[in-house]
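Subject: the structure you were waiting for

Hi,

Here is the structure, with sequence and coordinates together. Have a look at it, then read on for what turned up.

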Amino acid sequence: MLIGKKSPHGGDIYTQPAACDFSANVNPFGMPAGVQAAVAAAAAECARYPDPYCGALRAAIAAAEGVGPEQVLCGNGAAELIYQFSYALPDKRPALILAPTFSEYETALGAAGIKAGYLALSASEGFRADERLLAAPLDGYGALFVCSPNNPTGLMLERETLEKLAKRCCEAGVRLFADLCFTDLSDQPDAYDLPALCREFPAVFLLKAFTKSYGMAGVRLGYGVCGDSAFLEKMSEKAPCWNVSTLAQQAGLAALQERDWPAKARALLGPERRRMATAFQEMGVTVFDSRANFLLLYSKLPLWEQLFARGFLTRDCSNYRGLGPGYLRVAVRLPEENSLLLSAAREVTREYGGTGVRGVRGVREYDAF
């Protein structure tokens, strides 16, 4: 839990109550009924300690991902695995991180006493990372963190890019941490061949989670896949014995029986994201290209504040390294919710005279800022 510190993430409806939360990028359909039932049924088993080996869940994830159980590590949410990975790095060489991206990489490295270096992406280039990553110097680094689709930009690395990067890292003795937590809700859910990456590049750790795909943020269940089982053992030593609860393990097993749940969401997420992007563009708001279930926006208007005043919580991105005031991220939710958000945003832009910055990267040129 946090003490004396403001949460740096979205989803904080506890100190920022709002009628509709667009700050957390989870499946807009929420948790499947079958998973809810499994969590309720598991309550009767909670007098006993959970399985410290996550035996059934680990085997089920391995079967679903096409890897061996020894290549899977479960955690109390994806965030815990980021910390385990950082603490398990064999030396204190710095790690290289993209910017902007998820802040927990930097926080976890700091907790492990590891300095972070940054590969800054450019707004003028739409925050595209492929060429920058393949040209990035790896000398002196012990690990490289990438996120695809990237949070908060929403862009994905090409399959060829990730494979070339994995090869570079293995040859350079650098651990590659690839966060794929948003892939199942992206335009390309099968973009990467996890079994092949594990088989060919043992220095690669692939992070996934049930959080976004199955609306299980409050359950806390993530997992990592890696071909280096010895490194997974080192990671497992950095967490408590019973870190994955009985409720979480049963929820994960039930979710794996609902494999069409992310696909159901994807059917509406793509069209809705494009509709929202066009609408924001017409309001004079900068919309960055995305392949995920969220959009990164920029406006000179007090858009975050005015949307919150109207009951909509979006993600203020001013605390992302490499961003600043004016940036915000909005989740793609159900069509009726998205329409309400867009209506509120139109009110704001009309009230302030529509002085935002125009354009959608990849659709037409936009003004530099």
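First, a term you'll need: a residue is buried when its relative accessible area is under 20%, exposed when over 50%, and partly exposed in between, using a 1.4 Å probe and protein chains only.

Residues are numbered from 1 along each chain as its sequence is written, and side-chain values use heavy atoms, with hydrogens and water left out.

Confidence

pLDDT is the predictor's confidence in each residue, on a scale from 0 to 100. The chain has a mean pLDDT of 93, with 96% of its residues at 70 or more. Residues 355-369 have a pLDDT below 50, although this stretch has 47 contacts in the model beyond near neighbours in sequence. A contact here means heavy atoms within 4.5 Å. Where pLDDT is low, the predicted coordinates should not be read in detail.

Phe127 lies in the loop between strand S4 (116-120) and helix H5 (130-135). (Helices, H or I with at least four residues, and strands, E with at least two, are DSSP runs numbered from the N terminus.)

For the search, a 1 Å grid is laid over the protein atoms alone: a cavity is a set of points where a 1.4 Å probe fits but cannot get out, a pocket is an open set with protein on both sides within 12 Å along at least five of seven lines, and lining residues have an atom within 4 Å of a point. Grid points are joined across faces, edges and corners, and a volume is the space filled by probe spheres set on the points. The whole structure has 1 cavity of 30 Å³ or more, and the largest cavity holds about 60 Å³. Its lining divides into 8 nonpolar, 2 polar and 1 charged. (Nonpolar covers Ala, Val, Leu, Ile, Met, Phe, Trp, Tyr, Cys and Pro; charged covers Asp, Glu, Lys and Arg; the others, Gly among them, are polar.)

The second largest pocket

This pocket has a volume of about 400 Å³. Of the 20 residues that line it, Glu65, Asp184, Pro189, Lys208 and Arg259 lie nearest its centre. At least two lining residues each come from H2, helix H7 (194-200), strand S7 (204-209) and helix H10 (261-282), and H2 gives the most, with 3 residues. The lining splits into 13 nonpolar, 1 polar and 6 charged.

Cysteines

How many disulfides are there? The count comes to 0, where a disulfide is a pair of cysteine sulfur atoms within 2.5 Å. The sulfur of Cys74 has its closest cysteine sulfur in Cys54, but at 4.6 Å that is too far for a bond. Cys170 is in no disulfide either, as the nearest cysteine sulfur, that of Cys169, is 7.1 Å away. Cys74 is buried at 8% relative accessible area, and Cys170 is partly exposed at 28%.

Cys54 is buried too, at 5%, and sits in the loop between H1 and H2. This non-glycine residue has a positive phi of about 50 degrees.

Helix H9 (residues 246-255) has 7 of its 10 residues buried, so it is largely enclosed by the rest of the structure. Among the buried ones are Thr246, Gln249 and Gly252. Their cover includes helix H1 (33-42) and helix H2 (55-65).

In helix H12 (residues 335-351) you'll find Glu337, which is buried with a relative accessible area of 18%. Leaving aside neighbours within four places in sequence, Glu337 is in contact with Cys20 and Phe22.

Cis peptide bonds

Ala99 and Pro100 are joined by a cis peptide bond, with omega about 10 degrees. Pro100 is in the loop between strand S3 (95-99) and helix H4 (104-111). The bond from Ser148 to Pro149 is cis as well, with omega near 0 degrees, and Pro149 lies in the loop between strand S5 (143-147) and helix H6 (159-172).

Cheers

Notes. This is a predicted model: local features need pLDDT of at least 70, side-chain atom pairs count only at pLDDT 80 or more; totals for chains, interfaces and linings use all residues.
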